[in-house]
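Please keep the sequence and the coordinates at hand while reading.

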Amino acid sequence: MLDEAPPAAKLPAGITCVPSESAYCPAQIKRSTLNAIPRTDKLLKKTKLPFGLLITPFKTPDEGEAPIQVAPDIVRCRRCRTYLNPYVRFIDGGRRWQCNMCNLHNDVPISMDFDMVAQEARNRWERADLNCAVVDYIAPVEYMARPPMPPVYVFVIDVSYAAVQIGAPGVIAQTILASLDRIPNIDGRTRVAFIAVDAALHFFQVRPGSAEPQQLVVSDYDEVFLPSPTDLLLNLSECRAGIESLLARFEGMFQTNHSVGNALCPAIQAAQKMLGTLGGKIIALLASPPTVGEGKVEIRPEGKDLGTPRESDLLRPQNGWYKTLAADCTRAQVAFDTVFMGQQPMEMATVACLARYTGGSVFHYPSFMAARRPEVDRFTHEFGRHLGADIGLEAVLRLRASKGLRMAAYYGNFFLRSLDLLALPSVTPNHCYAVDIEIEETLTAPVVYFQAALLHTTSFGERRIR
């Protein structure tokens, strides 16, 4: 249903300041659940229809589509901070512009008509933000709290007996090996690290230029520490030979492993120390539940509660440890992806909180076995495509609406930092967010507007606003 084009919007003639086919936002990026919005909340409730938005703010253009244009400079409303867009109005002979959100009259900056750097005149009517509904801005220094971070991936791989039995470590290693060229690394700054987890933590050290990885084992969980604090994050370009050698040998390292424990929680704490203030993404690939360390879980029996009012309790987190950890990681710009493989109960409702509150992704392969070729192909395709996604880093998303409308609730994987600011340590092109909207007062204008702004760092180290 969401793939179908929405009904054509019947907008008043001349509503855009520049006639442009790209002034209307594509439905694949943002669409409303209603094509016509009731004027009052009473009428909305009478229709019994949901009123909200579906937003995919970081969607990359499909093949054959024009790339997203970059606007020359940032122009915003003084009062509501709305960005210049195709639906503003120019008044007073073009010397001022009227915000379409709050109707405030703003002065037109000199830079709109004259390029101060090139010392030449500009044609304001050719600006990307006056012609296109979706644009990118290069963020100036005041939008940066620190230098742009590089993409960092820490793979936490379950190598316990349960994982070895279904052949997961070998398939995971081969998928990562085949995807190394797809991982975003345009500027050569991307870093990766690997932690193998059973009842102990297995770290891997690779020195630049060397093809011989070293394995360091830690089995003390009381005070998690890094056996080599400076050599565990590997530059993907400089340590490529060693990384390829490690992944090629990975299955053979653990194929006779009989350890039944899973020290996921200490591994995550170690990964946090490894990332420090840098930030990045931790990808946990699990075939058994966390049974060791501070955040270990107890497998809840499902059979006796099925079909009873207590059945819904199985969908709630068992404890708050993972949510608290995720909130701390969000402040440090650390995101999680969780991949669950195999039929063994893994307390997904609890562990998936890591991805839920950090803007990450959750994958589940309940019938995965290395001997089942269709399942292996599905995992290889989906996980390889996910690794190759051109992600945005240390992002925040804010939505604005016309007077009389209020964003009542947000749905998706994020951490709500304030009433209207969504924190996303990592944002992928296919992630969609839903917003429930309420009508606070009677709408008198013929048209209402919504604007979403995503401040993020690109994978090639540029701070941008979309």
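I176 touches F155, I157, F194, L247, F383 and L387, where residues up to four places away in sequence are not counted and contact means heavy atoms within 4.5 Å. This is a predicted model, in which local features need pLDDT of at least 70, side-chain atom pairs count only at pLDDT 80 or more, and totals for chains, interfaces and linings use all residues. Residues are numbered from 1 along each chain as its sequence is written, and side-chain values use heavy atoms, with hydrogens and water left out.

I176 is also one of the residues with the most contacts inside the largest nonpolar core, together with F155 and F379; this core has 42 residues. A nonpolar core is here a set of buried Ala, Val, Leu, Ile, Met, Phe, Trp, Tyr and Cys residues joined through side-chain atoms within 4.5 Å. Buried means under 20% relative accessible area, exposed means over 50%, and partly exposed lies in between (1.4 Å probe, protein chains only). The elements that give two or more residues to the core include the strands β10 (152-158), β11 (191-197), β15 (280-286), β16 (334-341) and β17 (362-365). Helices α4 (168-178), α5 (240-254) and α10 (373-387) are also among them. Helices (H or I, at least four residues) and strands (E, at least two) are DSSP runs, numbered from the N terminus. Apart from this core lies another, of 40 residues, which includes V152, L201, L232 and V351.

The buried residues of α4 are A168, P169, G170, V171, I172, A173, T175 and I176. The loop between α4 and β11 contains S179. With a relative accessible area of 3%, S179 is buried; beyond four places in sequence, S179 touches G384 and L387.

Leaving aside neighbours within four places in sequence, M348 is in contact with F340 and H364. The C-alpha atoms of M348 and A445 are separated by 47 Å, the two residues being 97 apart along the chain.

The next topic is a sheet. Strands of a sheet pair through backbone hydrogen bonds, either parallel or antiparallel. In this model, an open sheet of seven strands runs in the order β3-β9-β24-β23-β18-β21-β20, with mixed pairing. Its edge strands, β3 (69-70) and β20 (415-416), each pair on one side only; two strands pair if DSSP finds at least two bridges between them. Strand β20 pairs with β21 (residues 421-427) in the antiparallel sense, over two bridges. One of the residues involved is F415, whose bridge partner in β21 is A423.

The cysteines come next. The whole structure has zero disulfides, a disulfide being a pair of cysteine sulfur atoms within 2.5 Å. For C77, the nearest cysteine sulfur is that of C102, 3.5 Å away, and C77 is in no disulfide. C77 is buried, with a relative accessible area of 0%. C353 is likewise in no disulfide, and the nearest cysteine sulfur, that of C265, is 12 Å away. C353 is buried, at a relative accessible area of 7%.

Side chains of opposite charge can pair when their charged atoms come close. A search of the whole structure finds 28 salt bridges, each defined as a side-chain nitrogen of Lys or Arg within 4 Å of a carboxyl oxygen of Asp or Glu. K281 and D337 form one, with their closest N and O atoms 3.2 Å apart. This pair links distant parts of the chain, since K281 lies in strand β15 and D337 in strand β16, 56 residues apart. K281 counts as buried at 4% relative accessibility, and D337 is buried at 1%.

D62 forms a salt bridge with K59, the closest N and O atoms being 3.2 Å apart; D62 is partly exposed, with a relative accessible area of 42%, whereas K59 is buried, with 18%. In the salt bridge between D92 and R96, the closest N and O atoms are 3.9 Å apart. D92 is partly exposed at 38%, and R96 is partly exposed at 26%. Finally, a network of salt bridges links D73, D115, R122, R127 and D129.
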